[in-house]
Amino acid sequence: EKLETSVFELLVREWDELQGTYVDSLRQLFRWHRSYLADLRMGLHRIQQRFIAFLERPDDKQALVDTFIQQFNDFSLEWADMRKQDLTKDEFHQRADDLQEQLNELVEAHRSENLARLNSVERSQWVDNQIEVLAAQVQLAARLEVRRYHTACHLLSDFYHSALGTALPAPRPPPARVDLLDQESVEQQVAGSAEPKKRNEKADKADKGAKKEEVQRNSSTIEGLGPMNLRRYVQAASDTEERSAGHWEFPFLDHLLAQARAAAWSLSDDQVPEKESEPKGKASKGRNSPPPKEPKDKRSASPDAEASLTGGDSRQQTPWLHDDLEQALHAEQQTFFHRLAVIRSWAHRRLLAASEDSAAVFAELNDWIVLRHHRELQAIEKLVDIIKEHVESEELIVAQLTLEGAHLHRHPNVRLRPPIPPAVPLPLEGVAPWRWTMEQL
């Protein structure tokens with residue numbers, strides 16, 4: 001049935017306002033999400049830069065090397081004859097081994113400091129805070145969908161009740177707020193299923209203490225749940241035949257979307273009230289259309305069938321509007337559930353990407369520590385080999401040797417001592433100014 005112009009314009013204006021607000025909110029949400037992705041990438045890059053700067057910090061290895069070379073050259077110049085003795089060479093070999101042990105101790109100490117720094121970076125909860133921001137964006141998307149669905153169902157209900165000419169139904173109560181990022185919700189997630197109402201007070205206190213301990217235990221471990229119970233890393237089963245890595249799980253997603261799905265309308269509660277039947281012989285009031293004309297092939301129908309076509313219950317005159325309302329609400333509900341499923345898929349991909357990227361960065365930092373430790377030990381071993389070669393060759397260490405980080409540099413053009421001047425042979429005859437020399441002759 002045709003609606004009044006004012007009612008029609010009001011519903012259209014409300015629908016346009018709903019769609020405009022929904023689109024603007026989504027645009028704002030995705031602007032926030034793009035800014036979050038840029039901050040996440042920049043944050044991971046800065047973590048790598050700061051860790052590289054920490055790995056390349058100065059150390060005391062070069063001071064030990066310079067002191068050893070200075071003592072070695074001084075002894076070789078002062079006691080040149082003793083350098084040829086086997087006992088002296090054995091002593092220098094032992095001192096070179098002692099130098100290697102001292103340098104290895106410095107390397108091990110630096111490796112321990114690097115691992116402690118990596119552990120502090122992992123436990124700084126920066127990644128968990130980024131996951132919490134992403135979870136807040138997912139929660140906002142679910143709230144927008146719930147708000148849009150609730151308002152759209154109200155507009156559909158008002159439209160069909162206005163078309164039926166019945167009084168508008170009482171407004172539905174607003175849906176429960178989708179909020180899963182508070183501490184009480186976290187405790188409820190950890191606790192599991194709902195508890196019965198009647199319980200002993202001592203049992204309630206014990207359960208509350210167990211909940212708090214479990215929340216704290218899950219928040220304190222990086223491999224377990226995060227501080228807001230947002231994610232956990234599940235290790236692969238050790239008894240499986242094929243070795244496979246663990247995987248990330250995000251238990252809050254299912255609980256969050258379950259809260260959103262709970263806002264769906266119950267279609268059985270939205271029944272169109274029947275209009276009061278009017279007395280015979282009186283014209284019906286309102287915006288009801290005249291009864292449909294009797295088909296030609298049914299003019300010989302029974303009086304009961306004729307009464308059902310020309311009068312009687314107005315709900316039976318327009319049953320298709322009621323069915324259409326139910327179909328519209330059902331279609332809106334299925335669209336709402338589909339959008340929630342899309343949000344879950346999108347959120348899972350984003351959460352998984354953020355978790356895997358951060359885990360890959362931390363694994364790369366650990367690889368840098370292992371690689372630097374290995375290269376430093378190799379450089380020290382090569383340095384000791386060069387020193388022992390000079391011990392056996394009974395020569396001075398003239399070229400400068402430097403340990404820069406994990407690299408050994410041998411500078412042939414940077415000499416520690418000036419070169420020995422060439423020996424000038426004595427003349428074979430005495431030179432007199434008044435006679436010719438053999439060279440002149």
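Colleague: How many salt bridges does the count come to?

Modeller: The model is predicted, so local features need pLDDT of at least 70, side-chain atom pairs count only at pLDDT 80 or more, and totals for chains, interfaces and linings use all residues. Side-chain values use heavy atoms, with hydrogens and water left out, and residues are numbered from 1 along each chain as its sequence is written. A salt bridge here is a side-chain nitrogen of Lys or Arg within 4 Å of a carboxyl oxygen of Asp or Glu. By that rule the count comes to 14.

Colleague: Which residue forms a salt bridge with Arg417?

Modeller: Arg417 sits in the segment after strand S4 (407–415), and its partner, 343 residues apart, is in helix H2 (residues 61–78); helices (H or I, at least four residues) and strands (E, at least two) are DSSP runs, numbered from the N terminus. Arg417 is partly exposed at 26% relative accessible area (buried is under 20%, exposed over 50%, partly exposed in between, with a 1.4 Å probe and protein chains only). The closest N and O atoms are 2.7 Å apart, and the partner is Asp74.

Colleague: Asp128 forms a salt bridge with Arg231; is Arg231 buried or exposed?

Modeller: The closest N and O atoms of Asp128 and Arg231 are 3.0 Å apart. The pair links helix H4 (residues 126–164), which holds Asp128, to the loop between helix H6 (201–220) and strand S1 (232–234), which holds Arg231. Asp128 counts as buried at 14% relative accessibility. With a relative accessible area of 6%, Arg231 is buried.

Colleague: What volume does the largest cavity have?

Modeller: The search runs on a 1 Å grid over the protein atoms alone, and a cavity is a set of points where a 1.4 Å probe fits but cannot get out; lining residues have an atom within 4 Å of a point. Grid points are joined across faces, edges and corners, and a volume is the space filled by probe spheres set on the points. The whole structure has 4 cavities of 30 Å³ or more. The largest comes out at about 50 Å³.

Colleague: Which elements give two or more residues to the lining of that cavity?

Modeller: The lining includes His110, Arg111, Arg372 and Glu376. Arg372 and Glu376 also belong to a network of salt bridges with Asp59 and Lys61. The elements giving two or more lining residues are helix H3 (86–122) and helix H10 (319–393).

Definitions and conventions:
On a 1 Å grid over the protein atoms alone, a cavity is a set of points where a 1.4 Å probe fits but cannot get out, and a pocket is an open set with protein on both sides within 12 Å along at least five of seven lines; lining residues have an atom within 4 Å of a point.
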